[in-house]
Amino acid sequence: MAEHATPHHAHEEHHEEGWVKKYLWSTDHKIICFQYMFTGMFMALIGGFFSYVFRMQTAFPGIEVPLYGMVSAAEYNGLITSHGTIMIFWVAMPVLVAAFGNYLIPLMIGCDDMVFPKINRLSYQVFFLSTVVLLSSFFVDGGPFGGAWTAYPPLSANAAWNNTPLGASLWVLAVALEFVAFLLGGINFITTAMNSRAPGMRYTDIPIVVWFIVIASMLFMSSVGPLIAGAVMLFMDQQVGTGFFDPARGGDPVLWQHLFWFFGHPEVYVVLLPAIGITAEIITVFSRKKLFAYRTVLFTAIATGVLSFTVWAHHQFIAGIDPRMAHIFTITTLLISVPIAEMMFVFIATLYGGSITLSTPMLWALAFVGEFLIGGVTGIFLGASGADIYFHDTYFVLAHFHYTFFPIAIIGTYAGVTYWFPKMFGRMMNDTLGKWHFWLTIIPFNFIFIPLFVLGAAGEHRRIYNYQNFPELSGEWFFALRELATVALIIMLLAQVIFFVNVYISLRSGKKAGKNPFRANTLEWQAESPPPHGNFAELPTVYRGPYEYSVPGRAEDYWPQNAPT
Amino acid sequence: MIERWVVQGSTYAADIDGIIWLIAVLVGFWFLVAEGVFFWLIVKFRARDGQRAQYITGEEAKQKRFIAWPHYLVLVCDVFIVVGAVRVWVEVKQSLPSEAEAQRVRVISQQWAWSFVHPGADGKLESADDIRTVDELHIEVGQKYIYELESRDVLHSFSVPVFRLKQDAVPGRVITGWFEATVTGTYDIQCVEICGIGHGMMAARIVIESPEQHAAWIASHSAAQLAARTR
Amino acid sequence: MRPIATTRSAAGIPTGLLAVWWVLASEIVIFGGLLGSYIMYRLAHDAWAEQAAATNVWIGAFNTFVLLTSSLTAVLAHQAAERGDGKLAAKRLYYTCIGAATFIVVKAFEWTTEIQHGFTITSNTFWSFYYTAAGLHALHVIAGAILMLFVAADAKKGRELHRVELIGIYWHFVDIVWIFLFPLLYIAK
């Protein structure tokens, strides 16, 4: 345990902390970050394994999948449901929002912890509970819920239809608990960022990643409510026998869809914004350039957040809503592509005139931009109502959202981890392994999902365990493309071993990182690597914005925020 | 573009393919420009010994232009796309042929099969000579149809790729829409809303027949004919 | 011990206040979603008027009065806390809790009677909403009262007096939700 004599730390009477208190019961935001991060990564392994299993079944129907066995139709539905649910709620959210939010916010605004450390700890504990509840659903009678991560009733509301009486309710419970955990976490992020900034740090001196995580938290807190209400109603339909979503009892299945997507759409921006924020930090550091048009970036993020409340029914164009409503949602959906496009343009503009080093974090950050562009443009096909009639529920949709979610959850995470690893652990990561890992992830990634765009355009619909039942989708080249995607997935999954090996050997024998190995401006790089409990030997004062790189007339090409001159 | 892989089998299939093509051209253009500039900048501004990066805030108007102009152009493209999409949407989802020119057909979805009710020789549904089938929909090419889509249990969704048509089936409601086939042949019908364990088995076929073939099919399903076959 | 982060106030608003407002923002959308759904269903189902006729508007009105009074005592508690009088603030918070308890007890009797008359949570979707919405509200009343007891215990010792205002704000929110529920579930017949 670090001992630090500092006049600013009124609470420092240090005693040897037991392992349990230090790692399991800690209120330190950095430890809570690791708790969320490791849980999220563990769940990613599970979600990734599931994708391997169901892709094997799709590409080679009836095969006995190595490490799993035969995949029944019911299990297939359970696997795809769990994959989607896990990746969004138990990987993207905890890693991008909770882990990076917890780590970066206090450090980057120059304070010693979150304002409500005990609530912070509670948020992880609730999250951990939600994880246990979800995982338990795999072991109950009937198996895990298999009605897709969107859980549309009446299928999800009635065990007579879904055959997973316990799994369906455990799923709802787990998701509801996860929401509570993030509401608790969000309170900390927002209030800490608003109130605990270092002296001198104006709103426009806050690093973009902090702003974006805070905006994401605000978005989450203002949008999840209706779905919590919906989850309560769904749970009651399942367990108490109410008929909120049962047409025979005056209920409406489409109501769930509205409640779900009213949250579901802002949710994608909740996870997107932190990833974009991480990308922004890395691009500025490794091109030694000020972020282009900081204020514009901020306004577009806020605009995106506000607009995200107006687009939800583009998921429901053909769901039986009044067809006239489709016009409104096509317009709002296409409109929302504009601020996001603008953000991508800003990153590209930041590269102009830069001095670019293609370090591993920079490779990931650039890959985010390059790949997310594909996700973004393919969304237009789906937001345009007339085109969506054809594309709805095809693999085109799936490929679109993997070209957005994969950059968000996977590329964004690796970007952030490879960048802040030296700060978190005091050691540099191995750059060679890092680059091998990068290329062996990115290249196969494209070979998984480009075939799926083609298959979707050729009519292949989603959530089908055996395309041999559909003559028009059983042709040789259809299966060839499915096999290509599946082989690429296997290569990509195996490549992740390189990352874990890198983490292991770097932790044990990586080069010791100093405070600021990348010569960055933001405050976290002014603390020790790793920062002790309390973060800073002396809490910093801020004199300028976070992106004063390559300022003309200065000897160094960077200018930390807390340097007096 | 879609027609490379899937036959255009309805009167509106070409329009749907057309809006998809328009979007592909416009977003394809922007995509290539953005990625092109992106990669060019990465190469052009690689770190070089002794050379420092420039200090550009992006706050001055002449710098902001480079973001503002593309973003206004994107907006203009969006307008074209919206207009195109709305026109197709109105054609497919907000119009119905008149009763006089259309036949009706009922599409019933359930866990896990499709059943169809066709009007018999009298051309009317809900009459004694209606023909009920499972997993096979028989229609006449060049004839407008109004479909009445129902579900007996959970959400399903009626999808005919050659028509480019999709419509969710909601229990407790009858949802109507229309189509008119332009080619003959037998094609896939899919269920495109996950509906339980058997969702992947919910395949049906649409049999699009010439007027003579269709008349013959109806005739072979008259009560007398069926009785003869079941003796 | 509290981190230094808690002592700062860069936005000029006390941290606890910021936190409570954000909690309320998220709660408003939860109840908003539930009540919005109820209103849409109610408009679509005229037959629900028959069911709604069986709610007892007098009990509802009494409970409304109880909650409003308890909000008043919460305000008075805040005033006492502002003056530094922790003991008085605690006493007034206890009155608020008594109001909460009264509310719950009355509701228990109300629901028991209704259930005995056959109006259960599954008998009709109107009643499903009735019990779910009022039930969720009641859970918030109970949770709020429990938190209030903790705040009062501290206030009595002269500690954390700023929390009297915070729990008061939460209590007003609970009150306002009921102000929406009362007409929607009781008065609209």
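In which loop of chain A does Pro154(A) lie? In this predicted model, Pro154(A) is placed in the loop between α4 (117-136) and α5 (159-162) of chain A. Trp112(B) is located in the loop between β1 (102-110) and β2 (113-118) of chain B.

Backbone torsions were also examined for positive phi values. Leu67(A), a residue other than glycine, has a positive phi near 75 degrees. This leucine belongs to the loop between β1 (64-65) and β2 (69-70) of chain A. Because Leu67(A) has 8 C-beta neighbours inside 10 Å, and 12 or fewer is the criterion for exposure, the residue counts as exposed. In chain B, Glu126(B) is not a glycine, yet its phi is positive, at about 65 degrees. The loop that holds Glu126(B) runs between β2 and β3 (131-134) of chain B. With 9 other C-beta atoms within 10 Å, Glu126(B) is likewise classed as exposed.

On the α9(A) side, the contact involves Ala275(A), Thr279(A), Ile282(A), Ile283(A) and Phe286(A), which meet Pro361(A), Met362(A), Ala365(A), Phe368(A) and Val369(A) of α12(A). By class, nine residues of this contact are nonpolar and one is polar, while none is charged.

At the level of chains, two pairs touch, and the most contacts are between chains A and B. Chains B and C are not joined by any contact, and their closest C-alpha atoms lie 14 Å apart. The contact between chains A and C takes 42 residues from chain A and 29 residues from chain C. On the side of chain A that touches chain C, at least two residues each are supplied by α6 (165-195), α7 (208-223), α8 (225-239) and α9 (253-287). Of the elements of chain A, α8(A) gives the most to this side, with eight residues. By class, the side of chain A that touches chain C has 23 nonpolar, 15 polar and four charged residues.

How values were computed
Residues are numbered from 1 along each chain as its sequence is written. Chains are lettered from A and ligands numbered from 1 in the order in which they are written. This is a predicted model: local features need pLDDT of at least 70, side-chain atom pairs count only at pLDDT 80 or more; totals for chains, interfaces and linings use all residues. Two residues are in contact if their C-beta atoms, placed from the backbone, lie within 7 Å. Helices (H or I, at least four residues) and strands (E, at least two) are DSSP runs, numbered from the N terminus. Ala, Val, Leu, Ile, Met, Phe, Trp, Tyr, Cys and Pro count as nonpolar, Asp, Glu, Lys and Arg as charged, and the others, Gly among them, as polar. A residue is buried if 20 or more other C-beta atoms lie within 10 Å of its own, exposed if 12 or fewer, and partly exposed in between; C-beta atoms are placed from the backbone.
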